[in-house]
Amino acid sequence: MGLSLFIRPHPGHTAIGVCGDIDCRTSQWLQGCLLRMLGTAGTHLIVDLSAVSFIDCSGLRALLATCREAEARACSVRFTDLSHPVRRLADLTGQRKMIPMTWVPAVTGAPATPPRRGRGAPSHPAP
C-alpha cells in the first residue's frame, strides 16, 4: 500500500490527513511534504494519523524529525488521532511522550480507508 495526504486549509492552521503506510519507502517523502507545508502554509500543522495502517521505525523517525525541525523554525506540528499501529510503535520504542498531540475531532476529513479508484483522489499520492 502507498501513502496519501489529504490537505485542508483552515483559519490559523492547515490540517493534513495521512492515509496508508509510513515506511522506509514513504517516510522521507512524507517528511518532505510536511516540511514544505510548514514553509508555505503558515506556522501550524495538525496531522491526523488515524488512517495510518502501518508504520515502521523510519516512519516514526520522520515524524519526530519533522517536529524538531518545526520547533527550530518556530512553527508547530501537532498530531491527532494516532492509529493503533502508530500508538503501538511509539509505546514500544518509548517515544509516545515525544509525539506532540492535540485533540481536534475530525479536522481533516480523511477517510478511514483509502479512496476507491475514480472517487475523491488524494491530493498527493506517494510515489
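**Figure 1. Salt bridge of R96 with D91.** R96 is partly exposed, at 30% relative accessibility; the term covers values between buried (under 20% relative accessible area) and exposed (over 50%), computed with a 1.4 Å probe and protein chains only. The model is a predicted one, in which local features need pLDDT of at least 70 and side-chain atom pairs count only at pLDDT 80 or more, while totals for chains, interfaces and linings use all residues. Residues are numbered from 1 along each chain as its sequence is written, and side-chain values use heavy atoms, with hydrogens and water left out. The partner of R96 in the salt bridge is D91, and the closest N and O atoms are 3.1 Å apart. A salt bridge here is a side-chain nitrogen of Lys or Arg within 4 Å of a carboxyl oxygen of Asp or Glu. D91 is likewise partly exposed, with a relative accessibility of 44%.

**Figure 2. Salt bridges of R25 with D23 and of E69 with R73.** The count of salt bridges under this rule is 3. Between the side chains of R25 and D23, the N to O distance is 3.7 Å. R25 is exposed, at a relative accessible area of 52%, whereas D23 is buried, at 10%. Between the side chains of E69 and R73, the N to O distance is 3.0 Å. E69 is partly exposed, with 32% relative accessibility, and R73 is also partly exposed, with 37%.

**Figure 3. Helix 2, residues 57-72.** Helices (H or I, at least four residues) and strands (E, at least two) are DSSP runs, numbered from the N terminus. The 16 residues of helix 2 span 22 Å from first C-alpha to last, close to the 22 Å expected at 1.5 Å a residue; the expected span is 1.5 Å times one less than the number of residues. Buried positions of helix 2 include S58, L60, L63, T66, C67 and A70. The buried residues of helix 2 pack against strand 2 (13-22), helix 1 (27-40), strand 3 (44-55), strand 4 (76-80) and helix 3 (84-92). A contact means heavy atoms within 4.5 Å.

Figure 4. L34 is buried, at 0% relative accessibility. Leaving aside residues up to four places away in sequence, L34 touches I16, L45, V47 and T66. T66 is one of the buried residues of helix 2. A70, another buried residue of that helix, is 36 residues from L34 in sequence, and their C-alpha atoms are 9.4 Å apart in space.

**Figure 5. Positive phi at A74 and D81.** Most residues other than glycine have a negative phi, and most peptide bonds are trans. A74, which follows helix 2, has a positive phi near 60°. A74 lies in the loop between helix 2 and strand 4 and is exposed, at 62% relative accessibility. D81 has a positive phi near 50°. D81 belongs to the loop between strand 4 and helix 3 and is partly exposed, at 28% relative accessibility.

**Figure 6. Cysteines C57 and C75.** C57 is partly exposed, with a relative accessible area of 46%. C75 is buried, with a relative accessible area of 17%. The count of disulfides is 0, where a disulfide is a pair of cysteine sulfur atoms within 2.5 Å.

**Figure 7. Confidence at strand 5 (residues 124-125) and over residues 110-123.** The predictor's confidence in each residue is given as pLDDT, from 0 to 100. Strand 5 has the lowest confidence, with a mean of 52, and strand 3 the highest, at 95. Over residues 110-123 the pLDDT stays under 50, and the model has 19 contacts beyond four places in sequence for these residues. The mean pLDDT of the protein is 82, with 78% of its residues at 70 or more.

**Figure 8. Setting of the close-up views in the whole protein.** The protein has 3 helices and 5 strands, and its elements run β-β-α-β-α-β-α-β from the N terminus on. Of its 127 residues, 47% count as buried. Among the contacts with a separation of 6 or more, 71% join residues 24 or more positions apart. The protein exposes about 6,800 Å², of which carbon and sulfur atoms supply 55%; accessible areas come from the Shrake-Rupley method with a 1.4 Å probe, and for residues only the protein chains shown count as cover.
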